[in-house]
Amino acid sequence: MFLASAGAALADCNHPAAITFAPGATSATVGSDDPVPTVECYQVTAPAGRDLGMFLESPEKGPTLEIFAPGWSTSCDASGECSMSGTQVSEPGETEWIDTLTETGAYLIVIDNADGNEYRLTVELRSAGDD
């Protein structure tokens, strides 16, 4: 279980923002709009057997990501305290993650941006083994 404390400007981790790909595209990028110290959650739906990559960039060292496999759940209370449960497929504190997916479904992406730095998250979905 991953516990996170968030401020009032937190993107609701109970309803993570969906990352979608434009028709024919293999990548999509999202970024911090108005960076504040917070935890933000996104989800991307992907099929098993594909390579999924996540690349978190920031001019400052600080933001990190954690990825949860389909079947995750989140719970945030009114004060902004959130807990995430499920199978975490990434290591804590990473800024880059690539793996061949073993499950089809919605993957949860948790960005821990405790220092409120600007960031850009690029998500790539490719056929297994493509470079």
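1. In what order do the 4 strands of the open sheet come? The order is E2-E4-E10-E6, and the pairing is mixed. At the edges sit strand E2 (17–18) and E6, each pairing on one side only. Bear in mind throughout that this is a predicted model.

2. On to how the strands are joined. Strand E4 (residues 38–46) runs antiparallel to E10, with 9 bridges between them; valine 39 of that pairing has aspartate 112 in E10 as its bridge partner. E6 is also antiparallel to E10 (residues 105–113), this time through 5 bridges. There, glutamate 66 is partnered with valine 110 in E10. As a reminder, strands of a sheet pair through backbone hydrogen bonds, either parallel or antiparallel.

3. Is E6 enclosed or open to the outside? It's largely enclosed by the rest of the structure, because 5 of its 5 residues are buried. Thr64, Glu66 and Phe68 point one way from the strand, while Leu65 and Ile67 point the other way.

4. Glutamate 66 deserves a look of its own. This E6 residue is buried yet has no salt bridge. The nearest side chain of opposite charge belongs to lysine 61, and that is 15 Å away. What the glutamate 66 side chain does have is a polar contact of 3.2 Å with the side chain of glutamine 88.

5. Proline 63 has a relative accessible area of 4%, so it counts as buried. Its contacts beyond four places in sequence include Leu56, Thr95, Ile111, Asp112 and Tyr119. The C-alpha atom of proline 63 is also 8.0 Å from that of glycine 116, although the two are 53 residues apart along the chain.

6. Last, the nonpolar packing. The largest nonpolar core has 20 residues, and Leu52, Met54, Ile109 and Leu121 touch the most other members. E4, E5, E6, E10 and strand E11 (120–127) each supply at least two residues of this core. Another core, of 10 residues, lies apart from it, and its members include Cys13, Cys41, Cys82 and Leu108. Going back to isoleucine 109, its contacts include Met54, Ile67, Leu121 and Val123, and also Glu66, the buried glutamate from point 4.

Technical notes: Residues are numbered from 1 along each chain as its sequence is written. This is a predicted model: local features need pLDDT of at least 70, side-chain atom pairs count only at pLDDT 80 or more; totals for chains, interfaces and linings use all residues. Side-chain values use heavy atoms; hydrogens and water are left out. Buried means under 20% relative accessible area, exposed over 50%, partly exposed in between (1.4 Å probe, protein chains only). Contact means heavy atoms within 4.5 Å. Two strands pair if DSSP finds at least two bridges between them. Lys and Arg count as positive and Asp and Glu as negative; His and the chain ends are not counted. A salt bridge is a side-chain nitrogen of Lys or Arg within 4 Å of a carboxyl oxygen of Asp or Glu. A polar contact is a pair of N or O atoms within 3.5 Å; within protein, one must be able to donate a hydrogen and the other to accept it, and residues adjacent in sequence count only if both atoms are side-chain atoms. A nonpolar core is a set of buried Ala, Val, Leu, Ile, Met, Phe, Trp, Tyr and Cys residues joined through side-chain atoms within 4.5 Å.
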